[in-house]
Amino acid sequence: MLVTVMSSFVTEVLASSGKLEKDDLPCKISKLSRKVEETKEEVTDMINKKYVEFIPSMEGAEELLDQVETVSKDIDLLKSCIENEVQQNLHDAVTEYAKLKQQLEKNTAVIDLLQHLQEFDTAVEEYHRALQEKNYVVAAKQHGKARASVNALKAWKDAELPLVGALSSEITIQRENLIYHLGEEWQKLAVWKLPSTKTELTSVKSFLKTALHLNRGGSKGDESVPHALLPSILQALSIQGELHKKIKLFGQVLFKYMLKPLIIYPSLEVEVSSPPEQGAVLSLHCTETKADHPDPNQVYTKVLTVLTTLHEHVFDVSIDEKKMSEILGDLIWEEMSECIIRKCLVHSIPANSSQLAEYSEVIKQTEDFESSLKKMGYLAGDSADLLKYARNVNCHFASKKCQDVIVAARKLMTSEMHNTVKITPEYKLSIPKLPCPSGGEKERKESCKKSGHYDQQSLENEKQLGPNTLCLPVCRISESVQQLMDLAIQTLSEAVGSSPQCAVQLFYTVRNIFHLFYDVVPTYHKENFLKLPHLAAIQHNNCMFIAHHLLTLGFQFKPHLPLKDGVAYFVDLVPGFRRLGARCFVAQMNVQKAEMLERLSTARNFSNLDDEDNFSVASKAIRQVIHQLRRLGKVWQDVLPVNIYCKAIGTLLNTAISELVNKIMMLEDISNMDGERLRTLCQTIIEEGPLVFNPLPDENKNKKYQEEVPVYVKKWMTLKEISMVLNANLQEIVDRWAEGKGPLALEFSCNEMKSLIRALFKNTERRAAALAKIIK
């Protein structure tokens, strides 16, 4: 029975297996697997529950089990066969599905390709039609669609490359064709007439040929659409990405050949004419004017004339929600505003503080100018570069004033110094009358009332100071230095009437003037100060003159300047200027000393003067020294203050005398002839030396200083004493020594005098006795 059941089941399965359909394979496989398992379980249960009780013996049971095992193997084999057949059918179905899918994708791609080709063809046809009708906006849009179709074809990996390449070339050619037509129309809108490229743009005349012809609607004779064509051209340029380039190039030409010349040259004017066949013509012409710099109001008027005409004929059009005038303004405003500031507004800044109040008119004109530009769209609402500059006039005035002052000061410092003016004790700086500080005059008067009686009583019987106390001595200074001090005072006076910020800036500019003098003058005139003693003396006086007035200059202006307490004003500069003057003059003194010693070095140490050649050389050296001192005396006469003059000449003469005395004291043997000729040289200096003291032009007044030679020449008495010794005998020398109390002992030491006696006299008992008396 079991075998029958199994065989019928297998037969059913095999019969049904041939009926599997490809469209339901997974479902059939699942059902067969479940049925096999269920049958297997059923057979096992039947064996265990029902048929075991009918088995007569163990041999029958074993036979039955073998049959069951055989059936089980047949079932497994059947299951395997079914699975293999199902898998094969499934693989065939998947393969066929993949082929169909691939074919579908190819068909879809071909359809897309054909669709893009159709779109391209349609767009190109519409493009040509619109271009022929001068509907440039439609042409630009259709060109964009055609380009999009070509780009889509390029993205298709299996596209035929020759076809795509040909379409790309065609779309590029058509774009250039469209841009060419738009460019032609743009040139008809704005036609430039410019100077030759060979012309140098350096004068007004070079711009007189500049002209701009403006049309409102395209080419001549195109009367059907005079206004509609303009936005069409501009919109098409915008779509093609060429509008910004066109306006940028137009703006560059406009600024270079029209706006900038109108800003720079006051004599250049713009004229607007309206010929019958054209919208407007802007041309430049020249007028006579004496102005060196353009007036702000004139500049604003000329610039507005140009921009208003452009706005009316070309730029009053909105493209992509942005006005053409706004695009042009963005491109040229920065450069144009900077040019107006540098070439116009800078020169309109007042030269002195009294004119600052009048500058409000320029501020109003600037405000109106920017307002007009904003109305036309050339200027953004928050932009006010020119107005900010104009309103900041106080700061610009201070900066300009400071710059002008420094330039003027430097010019004075580098000018010739030999033009001099005479300074007397009565000289005073010309300080203008300054306004009284608030409350200061009242307090001063009350203070005077309270202390007047006391001061009169306390000073009544005391010694009064002289009228020239603390005054500069008579001397000469450079005219340029006097002008420099006047410039400093004028600048400080401007500071008194200016705003606090401006006043502080002007004050420190004056300080910078003196710092500049300290650095520039010694460097710029360095060689002349060393070569020319006259200039060295003038520089000494210049520095002392400046230092003298810097002592009080700050206190004269202190009550009127808004400076903080503790500011040094100018007093701190005084020591530096004194050192500067002294250093310059000392350097010249060292040059003169070196020349003098160089001349004396040719005297062959003043030895062996019994030889005529040696005496001639020594006499020449002494005469050259005297001549040098006379020349310096003439150069410094009426230039240096008298006391400085006498000290300087006395110092140089003392150098010559010291050199002569030292050389004589070094001689070990002086013959009678040598002694006489040495005395002759000494007498030459004694007689002619005082005559080099001529500090004043009046000879009669110089006698006083010639008599005071010992005051300025330290070795003068030493020279006179050694001259006496050279012509004296032993007894006269001993008497003049006077046991160390005589005039001779004041100039020489014991050893020096004994050495001189040994050189002058032979070794005798008398000389020995005389040497014994040379003691202190």
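What share of the contacts in the protein between residues at least 6 apart in sequence join residues at least 24 apart? The share is 77%, where contact means heavy atoms within 4.5 Å.

This is a predicted model, in which local features need pLDDT of at least 70 and side-chain atom pairs count only at pLDDT 80 or more, while totals for chains, interfaces and linings use all residues. Residues are numbered from 1 along each chain as its sequence is written, and side-chain values use heavy atoms, leaving out hydrogens and water.

**View 1. The whole protein.** Let's start with the overall picture. Of the protein's 776 residues, 42% count as buried (under 20% relative accessible area, with a 1.4 Å probe and protein chains only). The secondary structure comes to 28 helices and eight strands (DSSP runs: H or I of at least four residues for helices, E of at least two for strands).

**View 2. The largest nonpolar core.** A nonpolar core is a set of buried Ala, Val, Leu, Ile, Met, Phe, Trp, Tyr and Cys residues joined through side-chain atoms within 4.5 Å. Here the largest one holds 192 residues, and Leu310 and Trp636 touch the most other members. Helix 20 (residues 642-665) gives the most to this core, with 12 residues.

**View 3. A second core.** Look here for a separate core of seven residues, among them Phe120, Val124, Leu167 and Ile171.

How values were computed:
Buried means under 20% relative accessible area, exposed over 50%, partly exposed in between (1.4 Å probe, protein chains only).
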